[in-house]
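This briefing concerns a protein chain shown together with its ligands. Please consult the sequence and structure below before reading on.

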Amino acid sequence: MTDWPDSGRAVRARRGKPRLPGADRDGGYGWISIALHWLAGVAIIVLLFAGDSIGTAGEPARRIHTTIASCAWLILAARIAWRMLEGHPPPASGQGRFSYGAGVAVHYALLAGIALMLVSGPVAGWSSGGGIEVFDLHIPGASQRIPDVYAIAREAHIIGAVVLAAGTTAHIGGVLKHMFFDRDNLFDRIMVPPKRRPQTST
Ligand code: HEM
Ligand code: HEM
């Protein structure tokens, strides 16, 4: 057992298929995961605040929210697809079972929350009858509001926002615990890929 064990999926992939440059490797995150994590993280925090201000600032805030959300849509979707394909890396060096299990649970709850937002947002915009604004482009919605669909989509969007807000708070709290109390290398994994391990013939 080494300090940086690979997930079963990574091991299988190394034996069989060629790996994309930037894919997860050596028990940590590769550049693709790191870039998607930070691009999506910033977009989600901005979208949470921009979405919340729709209630008070009205139409201009809605336009800003739907514009940023539409531009970020593919990155957020790619982020979910990539994690599903790659699987989750194994524990960081010295990380306990409970801490790892809690971290993985929060990560997948966040990914599920993002997926819910990617579907419920466009459906809410369409079924409201108002459509979606992307800069000055107006993507029309249904010819009239569809109240039942709109109510479900809006409720789902609000639930997703609560999951993301609570999940992000727990996530950042957990990371701070690792940085200041455990003083391990967990935060480093999402900044730079791990050092390459010497190749062994398997
Ligand atoms: C992770 C991504 C997203 C986050 C965090 C987010 C967050 C929010 C929040 C907090 C609200 C206010 C909910 C309320 O209190 O009424 C909102 C509203 C809204 N969002 Fe999003 N959103 C996301 C993605 C999207 C996407 C992809 C779209 C569509 C392109 C979208 C379209 C809308 C619309 C149309 C509303 C207004 C709904 C209404 O009240 O009529 N959102 N969003
Ligand atoms: C200041 C903000 C943030 C910091 C410092 C941070 C830090 C980290 C760290 C250190 C990891 C690796 C943890 C591990 O492997 O056990 C990680 C992974 C992850 N983070 Fe964050 N994060 C932040 C914001 C966010 C936000 C806003 C989201 C989404 C709402 C998010 C979602 C995730 C997910 C899903 C993972 C698992 C790996 C992946 O799929 O990218 N993070 N983060």
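Is Ile-68 buried, partly exposed or exposed? Because Ile-68 has 16 C-beta neighbours inside 10 Å, it counts as partly exposed; a residue is buried if 20 or more other C-beta atoms lie within 10 Å of its own, exposed if 12 or fewer, and partly exposed in between, with C-beta atoms placed from the backbone. The model is predicted: local features need pLDDT of at least 70 and side-chain atom pairs count only at pLDDT 80 or more, while totals for chains, interfaces and linings use all residues. Residues are numbered from 1 along each chain as its sequence is written, and chains are lettered from A and ligands numbered from 1 in the order in which they are written.

**Chain overview**
- The protein chain contains six helices and two strands (DSSP runs numbered from the N terminus: helices are H or I of at least four residues, strands are E of at least two).
- Along the sequence, these elements follow the pattern α-α-α-α-α-β-β-α.
- Of the 202 residues in the protein chain, 23% count as buried.

**Ile-68 and its surroundings**
- Ile-68 is placed in helix H4.
- Apart from neighbours within four places in sequence, Ile-68 is in contact with Ala-43, Val-46, Leu-47 and Ala-50 (contact: C-beta atoms, placed from the backbone, within 7 Å).

**Packing of H2 and H4**
- The axes of H2 and H4 come within 9 Å and cross at roughly 150° (axes are lines fitted to C-alpha atoms, for helices over the stretch in contact, and angles run from 0 to 180 degrees between N-to-C directions).
- The residues of this contact divide into 17 nonpolar, three polar and two charged (Ala, Val, Leu, Ile, Met, Phe, Trp, Tyr, Cys and Pro count as nonpolar, Asp, Glu, Lys and Arg as charged, and the others, Gly among them, as polar).

**Ligand shells**
- Of the 27 residues around ligand 1, Gly-51, Ala-69, Met-117, Gly-121 and Gly-125 come nearest (a residue is near a molecule if its C-beta atom, placed from the backbone, lies within 6 Å of it).
- H5 supplies the largest share of the shell around ligand 1, seven residues.
- The shell around ligand 1 comprises 15 nonpolar, nine polar and three charged residues.
- Around ligand 2 there are 20 residues, of which His-37, Gly-41, Arg-83, His-107 and Ile-190 come nearest.
- H2, H5 and H6 are the elements that each give two or more residues to the shell around ligand 2.

Methods. Contact = placed C-beta atoms within 7 Å.
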